[in-house]
Amino acid sequence: MRSVILKTATRLVSALVMVLAVYLLWRGHHAPGGGFIAALVAATGFALVALSEGPAAVRQGLRLRPSHMMGAGLGLALGSGVIGMLAQRPFLTGVWWPPSGVVVGTPLLFDTGVFMVVLGAILSVLLALEET
Amino acid sequence: MTNLLIYPILLPFATAVGSLLLWRRPALQQTLSLIGSAGHLAACLFLLAAVVQDGIQVLAVGNWPAPYGISLVADHLSVLMLMVTGILGTATALYARGEMAISLRSQGFHALFQVLIGGISGAFLTGDLFNLYVWFEVILMASFGLIIWGQGRAQFVGAVRYVVINLLATLLFLLGLALLYGLTGTLNMAHLHQQIMTQESHGLVTAVAFMFMAAFGIKAGMFPLFFWLPASYHTPPIAISALFAGMLTKVGVYALIRTFSLVFLHDTATTHAVLLVAAGLTMVTGVLGAAAQNEFRRILSFHIISQVGYMLLGLALWTPLALAGAVFYLVHHMIVKANLFLVSGLSRDCSGTLELPAMGGLYGAKPFLAVLFFIPAFSLAGFPPLSGFWAKLLVIQSSLEAEHYTVAAVAVLVGLMTVYSMVKIWIEAFWKPSPDFGPDQRAIVPSAWKIAPVCALALITLCIGIGAEPVYQLADTAARELMAPQVYVRAVLGGAGP
């Protein structure tokens with residue numbers, strides 16, 4: 001299916017979807033949202049591109065194999081837990097920079113890890129299905 | 001607070017991360033996986049030492065105190081299970097090192113394998129029922145990936161049955177969780193122990209208890225929900241099916257023991273009586289199913305079911321001796337059963353098939369292999385002084401003490417039938433002359449990567465059999481902890497609790 005309408009719409013919509021995904025990831029800190037739902041939203045953006053431009057375009061745009069993305073994400077999530085351990089606290093304890101409590105902390109790192117694992121898992125299935 | 005509890009979960013997942021990042025370097029992945037498995041075993045042994053020395057260990061993950069956050073709890077039962085997980089993980093990783101070169105090419109194997117080990121470790125360590133559900137999902141996903149490994153058609157049919165019935169079990173589990181949370185407002189197991197005691201409507205709690213029993217019963221291969229197991233366990237590669245046979249149903253048994261010794265104690269007259277009947281029927285159907293089979297791994301699969309019956313019997317009798325028997329049985333069975341599956345792989349290497357009528361002559365061609373089969377097989381059947389003898393003795397003795405004579409008689413008879421099955425494999429595969437067709441068995445030498453873990457597991461079986469006392473002491477301590485849940489509750493909630 002190579003429709004001009006779909007292609008043009010995808011160019012607009014997929015960018016918007018990505019922005020929404022990042023917003024959801026950031027917002028998940030104190031409000032509904034988070035890495036999992038953000039990855040689902042981001043995956044719909046990639047799915048649109050895969051439908052209109054073909055899976056090869058997605059692979060080229062990603063520059064990262066979905067399996068590597070899963071691995072890196074899992075590593076990030078584990079790493080955010082290990083940071084808590086390095087601070088002599090139980091695994092996964094939140095650590096904040098600067099310690100007085102600004103928004104940047106290990107929970108965001110953990111959520112980013114979740115985002116990458118979920119996105120990597122969905123994309124590896126999606127691209128494999130599109131390619132066969 | 002001790003971070004020691006996180007390592008058995010953290011190390012396998014870290015190894016999985018490494019294997020995913022090394023996607024294009026299978027040889028490095030292989031080495032990393034072996035190192036990761038050895039590290040996991042070491043972490044489990046450290047934790048075992050800590051628990052034996054200082055009693056129950058608790059970690060409030062994320063520094064959120066129980067019952068608000070998720071607690072990891074290691075008591076004697078947990079660390080014993082973890083220790084065997086470490087041993088089997090390392091043994092099957094070694095075996096896979098030998099098998100991979102022949103039949104596996106693709107790269108995701110090690111990541112899935114390590115995620116499975118991490119998921120199993122998490123299930124043994126968690127002190128929170130919802131977290132247990134999450135670990136079950138992790139295990140299910142990883143094991144589904146592994147069970148379709150190799151992409152054979154028969155494998156896929158078995159895998160679909162496996163995943164459908166297991167999804168049903170997790171659905172039941174989730175429904176039970178929702179009802180339980182609605183009733184008590186908590187899913188921390190120690191807190192649940194307190195809350196259920198104060199519940200007024202016991203009938204509702206009993207109904208929820210049966211939902212959990214059905215969910216875990218499916219996982220454990222309990223009668224009448226076992227049929228998925230022999231349909232799927234004989235198809236994947238040997239290392240995978242050995243790990244599954246050793247570990248997966250036993251996670252279900254562990255979950256049954258944990259919930260029915262800590263959470264659902266409000267009406268043991270009903271719940272444990274149903275368990276008793278189910279245990280007896282599980283033993284009988286498993287062993288009868290095995291008698292009808294003629295394929296090496298299928299026979300072994302049916303015997304998993306009958307052996308699960310013995311463990312459930314130990315739980316159902318609900319005495320310290322019976323529980324100690326169940327725990328001893330778990331430890332013995334996991335090692336022996338995984339080893340038998342590995343031996344079936346060595347036999348297949350030599351005779352080219354696992355269909356018993358087409359096998360034969362292994363005793364003449366490979367006497368050492370015959371010894372390696374003999375030890376776990378007759379330990380499974382309960383020959384003294386091998387480990388299975390003590391395990392069966394404990395369970396049967398406790399059922400006599402509890403004056404459940406019918407069940408004791410069933411247990412003895414099922415033991416005899418197990419001997420029949422093992423003798424059948426012995427005669428067909430090892431004793432009878434080799435059929436004319438097929439390869440020259442003497443010329444085939446399985447790789448050392450495969451023989452080493454089989455020898456190690458056989459040695460462990462011998463050690464548990466001859467030096468049964470220390471293992472029994474550990475099992476006995478575990479049983480006493482299970483019979484006195486106040487210690488567990490105090491360790492998790494601290495003092496009187498909220």
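Reader: How many helices and strands are there in chain B?
Author: Chain B has 20 helices and 2 strands. Helices (H or I, at least four residues) and strands (E, at least two) are DSSP runs, numbered from the N terminus. This is a predicted model, where local features need pLDDT of at least 70, side-chain atom pairs count only at pLDDT 80 or more, and totals for chains, interfaces and linings use all residues. Residues are numbered from 1 along each chain as its sequence is written, while chains are lettered from A and ligands numbered from 1 in the order in which they are written.

Reader: And what does chain A have?
Author: Chain A has 5 helices and 0 strands, so in DSSP runs its elements read α-α-α-α-α from the N terminus on.

Reader: OK, confidence next. What are the average pLDDT values of chain A and chain B?
Author: pLDDT is the predictor's confidence in each residue, from 0 to 100. Chain A averages 88, with 95% of the residues at 70 or above. Chain B averages 89, and 96% of the residues score at least 70.

Reader: Which element of chain B has the lowest confidence?
Author: That is helix H14 (residues 362-365) of chain B, at a mean of 83, whereas helix H4 (residues 109-125) of chain B is highest, at 95. In chain A the lowest is helix H3 (residues 55-62), at a mean of 88, and the highest is helix H2 (residues 35-53), at 93.

Reader: What ipTM does the predictor give the complex?
Author: An ipTM of 0.89, along with a pTM of 0.93.

Reader: Nice. How many residues does the contact take from each chain?
Author: It takes 16 residues from chain B and 15 residues from chain A, where two residues are in contact if their C-beta atoms, placed from the backbone, lie within 7 Å. On the side of chain B that touches chain A, the elements giving two or more residues are helix H1 (7-21) and S1 of chain B. H1(B) supplies the largest share of that side, 7 residues.

Reader: What classes of residue are on that side of chain B?
Author: There are 13 nonpolar, 3 polar and no charged residues on the side of chain B that touches chain A. Ala, Val, Leu, Ile, Met, Phe, Trp, Tyr, Cys and Pro count as nonpolar, Asp, Glu, Lys and Arg as charged, and the others, Gly among them, as polar.

Reader: You mentioned S1(B). Which strand is S1(B) joined to, and by how many bridges?
Author: S1(B) is joined to strand S2 (residues 71-74) of chain B by 4 bridges, and the two run antiparallel. Two strands pair if DSSP finds at least two bridges between them. Gln57(B) stands opposite Ala74(B) in S2(B).

Reader: Which way do the residues of S1(B) point?
Author: In strand S1 (residues 57-60) of chain B, Gln57(B) and Leu59(B) point one way, Val58(B) and Ala60(B) the other way, and all are buried. A residue is buried if 20 or more other C-beta atoms lie within 10 Å of its own, exposed if 12 or fewer, and partly exposed in between, with C-beta atoms placed from the backbone.

Reader: Switching topic: what is the phi of Trp318(B)?
Author: Trp318(B) has a positive phi of about 60 degrees although it is not a glycine. Trp318(B) lies in the loop between helix H12 (296-317) and helix H13 (320-351) of chain B.

Reader: Why does Trp318(B) count as buried?
Author: Because Trp318(B) has 21 C-beta neighbours inside 10 Å.

Reader: Back to chain A: where is Leu92(A)?
Author: Leu92(A) is in the loop between helix H4 (66-86) and helix H5 (106-131) of chain A. Its phi is near 75 degrees, a positive value in a residue other than glycine. Leu92(A) counts as buried because it has 26 C-beta neighbours inside 10 Å.
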